Amino acid sequence: MYIETPKSPHRLAFLLMRFKILLYSTENRGTIPVNYQHPLSAALYKIIAKGDAQYATFLHETGYGKGIKLFTFSQLNVPFKIEGDRLKLLGNEVDFQVTFHLPQTAENFIKGLFQSEQLEIADMRSRCRFILKSITSLPNLLESFRDSEVITSTLQPLSPVVAGLRNEKDQYEFLSPEDPRFIESLIYNWRSKISSCYNDVIAAAAVLIAEVKPAKRPYKSRLITIKYGKPEETKIRGWLNLYIKVIAEKRFVELLLNSGIGVYSSQGMGCVQLANNWFD
């Protein structure tokens, strides 16, 4: 496996918070579930555990308070054909991004990634094995700003953004970007993540501004099933074809880039990257 890493060792812990992972399927026209997010999340937890089993258990079972897990990943980039509830892969190479936010050194996590040569996406009906062909650490595009400097950034989703409010049954009511509560929900979740990383006082005082607009009309909706076919199966609705403008301190924008925006981030929802501009 080929691994590309930053040239500056003193920046290693931060620059490696965002990876592009290239997989190679050993099977011709392999098959994975349409709802691959939960199986992929489970596979990534196994990789983390190789480097730091204790941290992987903490991340999987507890998180940073209120169930928050500062970890997300993008959709898979591969040509495919839908066959029922399966994706028939039309190519052998698959790439995606994985991002995480650690308030500690990433040495053991990185070691786990380096030691992993294979990744498997599987459920009860199908199983596809991949070789980890390369892991590339992606640069920090906000590096020139000070942590406390207020900046304006445009975020572009690499996976569906899920915004929701809990009802009286403690179940999520999923919101459309056209609903004014969509932004309220995203900011509430953002503030909760800040609280988990810093404290409630810093989170409450943080100035967080967000605005959404379509990248092209209409907004694109996706219904995703988590833990498909199991008793705890959950359906969630996320949105693509949008841009989100955010104004906040640089450290809080980085938190979104590293841990995702909205809910269900650890299941591959709300993974975002910086867009060039607001595309007025």
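**A pocket and a sheet**

Analyst: In this predicted model, the second largest pocket receives lining residues from both domain 1 (17-137) and domain 2 (150-274), so it lies between them.

User: What makes a residue part of the lining of that pocket, and how many residues line the second largest pocket?

Analyst: A lining residue must have an atom within 4 Å of a pocket point. The second largest pocket has 25 such residues, and Gln-75, Leu-76, Leu-158, Arg-222 and Leu-240 lie nearest its centre. By class, 14 are nonpolar, seven polar and four charged. The space in this pocket is about 600 Å³.

User: Which strand gives the most to that lining?

Analyst: Strand E7 does, with three residues. At least two residues each come from E5 (80-83), E7 (93-100), E10 and E14 (220-226).

User: Why are E13 and E16 called paired strands?

Analyst: Pairing requires at least two bridges.

User: What makes E13 and E17 edge strands?

Analyst: The open sheet has the order E13-E16-E10-E17. E13 (209-214) and E17 (272-274) have a single partner strand each, so one side of each lacks a neighbour in the sheet.

User: How do you know that helix H5 packs on the sheet?

Analyst: Contact means heavy atoms within 4.5 Å, and H5 (residues 181-197) touches E13 and E16. The direction of H5 makes about 135° with that of E13.

Terms used:
Residues numbered from 1 in each chain as written. Predicted model: local features only at pLDDT ≥ 70, side-chain atom pairs only at ≥ 80, totals over all residues. Heavy atoms only, no water. Helix = DSSP H or I, 4+ residues; strand = E, 2+ residues; numbered from the N terminus. Axes fitted to C-alpha atoms, helices over the stretch in contact; angles between N-to-C directions. 1 Å grid on protein atoms, 1.4 Å probe; cavity = no way out; pocket = protein on both sides within 12 Å on 5 of 7 lines; lining within 4 Å. Points joined across faces, edges and corners; volume = space filled by probe spheres on them. Nonpolar A, V, L, I, M, F, W, Y, C, P; charged D, E, K, R; others polar. Domains from an automatic or database assignment.
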